[in-house]
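Have a go at each task before you read its solution.

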Amino acid sequence: MGYRGYRRYVAVGDSQTEGLNDGDETTGYRGWADRLAEALAAQEPGFTYANLAVRGRRAAGVRAEQTAPALALAPDLVTVMAGMNDLVRPGYDAAATAAELDAMLAAFTDSGATAVTFTFPDVSSLAPLVRHLRPRVLDFNDRLRTMADRRGAVLVDTFPYPVTTDPRLWSADRIHAAPLGHARIAAATAHALGVPGSDGSWADPLPPLPALEPWRRAGAEAAWAAAFLGPWLLRRLRGRSSGDGRSAKRPGLLPLPADGGR
């Protein structure tokens, strides 16, 4: 698409948009949305940016808690990344989750803003222990493509590109992007929006990794399950969320400081 020029950008979503693992709790999180905001700010004097995303939120929570505040800021650009926290849970309802995202896209596009949404990567390549989720991802990505087309939203469709499941783009938890992954998401979004200076190099593969012996691969999977999958399941059983008690890191439209979007 041709670049429209944006001055009021609002990001809504969950932990990925909040920016987890691109920074830390002490220094603050940067994340792909902050990185995209930096690229946009370089193009537009007077640019402002808000990030309403909160970790752990499911699609219904994102819609209920973030849509109205986002619209109140009268954005000309909104990014919507949500649904993965639904997809990985038992009892996942694809139609209901898609309806939440569709309603958000409708609200934002009807307001006159450019709305952007995203397909999900192949989680079975990132974590073989959850390979049973792959059909859900394929189905939900198809739903996202359909709703983006219906609503006139911009779709950042990264699923077809193998680099999106390169482990170097992901944190040790295999849930949140690493700094390199956040940089690639920001670059893909800038390219989809036609931001001057952006291009398709975000999809370029990294140099090949050496193959792991089967016993090392099995050990890595066991370690990941113990360190991350087990605790995640325990939180679900207890009805707890990583976002309990959290609020948006950047609830109002503000210009970016000289050192970036944090």
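**Exercise 1.** Find which residues touch the most other members of the largest nonpolar core.

*Solution.* Start with the term: a nonpolar core is a set of buried Ala, Val, Leu, Ile, Met, Phe, Trp, Tyr and Cys residues joined through side-chain atoms within 4.5 Å, where buried means under 20% relative accessible area with a 1.4 Å probe, protein chains only. In this predicted model, local features need pLDDT of at least 70, side-chain atom pairs count only at pLDDT 80 or more, and totals for chains, interfaces and linings use all residues. Residues are numbered from 1 along each chain as its sequence is written, and side-chain values use heavy atoms, without hydrogens and water.

The largest core has 35 residues, and V10, V12, V80, L87, L101, F108 and F140 touch the most other members. Next, look at the elements (DSSP runs numbered from the N terminus: helices are H or I with at least four residues, strands E with at least two). Those giving two or more residues include strand 1 (8–13), helix 5 and helix 7. Helix 5 gives the most, with 6 residues.

**Exercise 2.** Work out how helix 5 packs against helix 7.

*Solution.* First, take the angle: helix 5 (residues 94–110) and helix 7 (residues 134–151) pack at about 25°, with axes 10 Å apart. Axes are lines fitted to C-alpha atoms over the stretch in contact, and angles run from 0 to 180 degrees between N-to-C directions. Helix 5 is therefore roughly parallel to helix 7 (angles under 35 degrees count as roughly parallel).

How values were computed. Angles under 35 degrees count as roughly parallel, over 145 as roughly antiparallel, 65 to 115 as roughly perpendicular and the rest as oblique. Buried means under 20% relative accessible area, exposed over 50%, partly exposed in between (1.4 Å probe, protein chains only).
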